[in-house]
Amino acid sequence: MIKGKTRKNTYRAIYRLLDRVSPMPFDCGSICGAACCMIDELDREPGLDMGMYLLPGEDKIHQKKDPWLSWESHSSQEYDFPPSFQGELFFLKCRGPALCKRALRPLQCRTFPLQPILLEPDEAVPETILYREAGCELALIYHNAPLPYACPLIESSARLNEDFLRATYLVWKHLIRDPLIRDWIRREKVDK
Ligand code: SF4
Ligand code: SF4
């Protein structure tokens with residue numbers, strides 16, 4: 001399994017920080033039927049392979065026998081990861097809100113619907129940026145890859161809670177110190 005530099009205790013601290021924030025001042029799952037949680041249901045649709053990757057090392061704080069998550073192992077070569085990724089990554093499928101262990105939600109779930117991007121020094125700043133510290137290469141935008149469901153927050157470009165934006169930014173700012181995670185984020189594309 002691919003091992004990053006980010007330690008177990010760092011992931012624990014990140015989970016604790018993100019436990020205290022949420023995208024909106026209300027439960028946004030109430031306006032869409034928790035569309036982004038329906039991985040288990042959508043996964044049964046032909047052609048859809050729903051789930052989320054754990055970041056390198058994030059698996060250390062999860063129990064593989066825990067029945068609310070199912071685990072797959074994906075080869076980095078087969079699934080188009082950066083060349084620095086050599087080995088296998090964990091791809092998780094959760095079984096929906098009724099069984100969700102909220103304190104153990106993976107990072108990719110906690111930071112949705114945001115997506116981190118890294119800007120080159122001479123790159124024009126996209127208008128779609130939701131949060132960025134002045135002069136910093138890291139920025140947050142709305143998730144811009146195709147989804148098999150509609151997220152009302154993305155669709156309406158909703159104004160997200162400032163503490164959610166700040167906490168998510170802080171988390172990614174720390175995580176990009178890990179060269180593997182940095183390479184992963186660098187591959188993300190921006191729609192300008
Ligand atoms: S799909 Fe969007 S609005 Fe619905 S629960 Fe997920 S983040 Fe919230
Ligand atoms: S981990 Fe929980 S909150 Fe996250 S997508 Fe799965 S069911 Fe939804």
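Reader: Which residues are around ligand 2, and how many of them are charged?

Author: In this predicted model, ligand 2 has Cys36, Cys37, Trp68, Cys94, Gly96, Pro97, Cys100, Arg105 and Cys109 around it, where near is a heavy atom within 4 Å. For the classes, Ala, Val, Leu, Ile, Met, Phe, Trp, Tyr, Cys and Pro are nonpolar, Asp, Glu, Lys and Arg charged, and the others, Gly among them, polar. That gives 7 nonpolar and 1 polar, and the charged count is 1.

Reader: What about ligand 1: how many charged residues are in the shell?

Author: Ligand 1 sits among Cys28, Gly29, Cys32, Ala35, Cys36, Phe112, Cys151, Pro152 and Leu153. By class this shell splits into 8 nonpolar and 1 polar, and the charged ones number none.

Reader: Fine, what about conventions?

Author: Residues count from 1 along each chain as written, while chains are lettered from A and ligands numbered from 1 in written order. Local features need pLDDT of at least 70 and side-chain atom pairs 80 or more, totals for chains, interfaces and linings use all residues, and side-chain values use heavy atoms, without hydrogens and water.

Reader: Which residue pairs with Glu120 in a salt bridge?

Author: A salt bridge here is a Lys or Arg side-chain nitrogen within 4 Å of an Asp or Glu carboxyl oxygen, and the whole structure has 10. For Glu120, the N to O distance is 3.2 Å, and the partner is Arg186. That links distant parts of the chain, 66 residues apart: Glu120 is in the loop between β4 and β5, and helix α6 holds Arg186. Helices (H or I, at least four residues) and strands (E, at least two) are DSSP runs numbered from the N terminus.

Reader: Which residue is joined to Phe112 by a cis peptide bond?

Author: Omega is about 10° at this bond, and the residue joined to Phe112 is Pro113.
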